[in-house]
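This report covers the nonpolar core, the salt bridges and the pockets of one structure. The sequence and model come first.

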Amino acid sequence: VLDVAPRVQAWIKRGNNTYSLAYELRDFRYFSSHDDDYTDHRVNADIHHEFNARNALNAYGEYRDAHEERGTGLSEGLIAELIDEPVEYEQIKYGGDYTYGSRSSRGRLNAAYNYRDREYQNFRDATRYRDYEQDTLKGTFYWKVAQRTDALVELRYIDTDYNRTNPQNSAGSFDREEYVYYAGLDWQATAKTSGSVRLGWYDRSYDSRQRKDDDGFSWEVDVDYRPRSYSTLNFGTRRFSQETNGLGD
């Protein structure tokens, strides 16, 4: 396979504020399976603006013309043998977060919003029922328990709406709401070690009474260790609820 991924980025930096615009192309060419060749495009803009030491805003927007390789996403399993090219989609994302307080503050509050709109472009007889829009709200409160360590509590709300419902699917719509509750720690113990641990619970409920609601234990762990200024070891693990690619719940 030949993988070519050029990227161009322009940015303006003024003090602690940064504004950037980037474009990336990803071209994948298989030597023995040209049906699986693809070319993806991504354009994204990012803003980081600090009004003062206690108020900071991040905002972003992204457009993707991308794909799911055969055997992944909607073509997981035997379906991959029945199609002759990757499943393509267009996706728009935007959002941001606002932080009141700083790492040196006793308390710190972060509020975030993200929006995603995905629309599939081929195999529309099947994929038109998987187009969806998703809104995510997140609020995190940090409380300093040591010089470089904060305790945290976090609430997330995820609302997913599918544009169409397959009339042949007796279980009805995939539309759903989900709440995620976390508590944990965020730290920068030394110049070499930093990270965060979140432990909690997710609770997913479907609009359709024919679908089975779900809940369970969830976690997010992300730890960085920098033994040298030019070396970083990252450890991460997650357990979370994700959209189904099949007909189940």
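## Nonpolar core

Which residues make up the largest nonpolar core? In this predicted model, the largest nonpolar core has 6 residues in all: Ala66, Leu74, Ile83, Val87, Tyr89 and Tyr120. One of these, Ile83, also touches Arg70, Ser75 and Phe123, with residues up to four places away in sequence left out of the count.

## Salt bridges

How many salt bridges does the structure hold? There are 20. Side chains of opposite charge can pair when their charged atoms come close.

Arg176 is buried at 3% relative accessibility, and Glu178 is buried at 2%. In another bridge, the side chains of Asp37 and Arg29 meet at 3.6 Å, N to O. Here Asp37 is buried, with a relative accessible area of 14%, whereas Arg29 is partly exposed at 35%.

## A network across strands

Arg238 forms a salt bridge with Glu220, and their closest N and O atoms are 3.8 Å apart. Arg238 lies in strand 13 (residues 231–239) and Glu220 in strand 12 (residues 214–228), so this pair ties together parts that are 18 residues apart in sequence. Glu220 counts as buried because its relative accessibility is 17%, and the limit for buried is under 20%.

Both residues belong to a network of salt bridges that links Glu154, Arg156, Arg198, Glu220 and Arg238.

## Largest pocket

The largest pocket holds about 1200 Å³ of space. Its lining has 48 residues, and Arg116, Gln134, Thr136, Arg156 and Arg238 lie nearest its centre. Two or more lining residues come from each of strand 4 (38–52), strand 5 (55–68), strand 6 (87–100), strand 7 (107–120), strand 8 (132–146), strand 9 (149–162), strand 10 (176–187) and strand 12. Strand 7 gives the largest share, 8 residues.

By class, the lining of the largest pocket has 17 charged, 16 polar and 15 nonpolar residues. Arg156 and Arg238, among the residues nearest the pocket centre, are also members of the salt-bridge network.

## Second largest pocket

The second largest pocket has a volume of about 430 Å³. It is lined by 23 residues, of which Leu74, Ile79, Ala126, Thr127 and Arg130 are the closest to its centre. Leu74 is also part of the largest nonpolar core.

How is the lining of the second largest pocket divided by class? It has 10 nonpolar, 10 polar and 3 charged residues.

Methods
Residues numbered from 1 in each chain as written. Predicted model: local features only at pLDDT ≥ 70, side-chain atom pairs only at ≥ 80, totals over all residues. Heavy atoms only, no water. Core = buried A, V, L, I, M, F, W, Y, C linked by side-chain atoms within 4.5 Å. Buried < 20%, exposed > 50% of the residue type's maximum accessible area, 1.4 Å probe, protein only. Contact = heavy atoms within 4.5 Å. Salt bridge = Lys/Arg side-chain N within 4 Å of Asp/Glu carboxyl O. Helix = DSSP H or I, 4+ residues; strand = E, 2+ residues; numbered from the N terminus. 1 Å grid on protein atoms, 1.4 Å probe; cavity = no way out; pocket = protein on both sides within 12 Å on 5 of 7 lines; lining within 4 Å. Points joined across faces, edges and corners; volume = space filled by probe spheres on them. Nonpolar A, V, L, I, M, F, W, Y, C, P; charged D, E, K, R; others polar.
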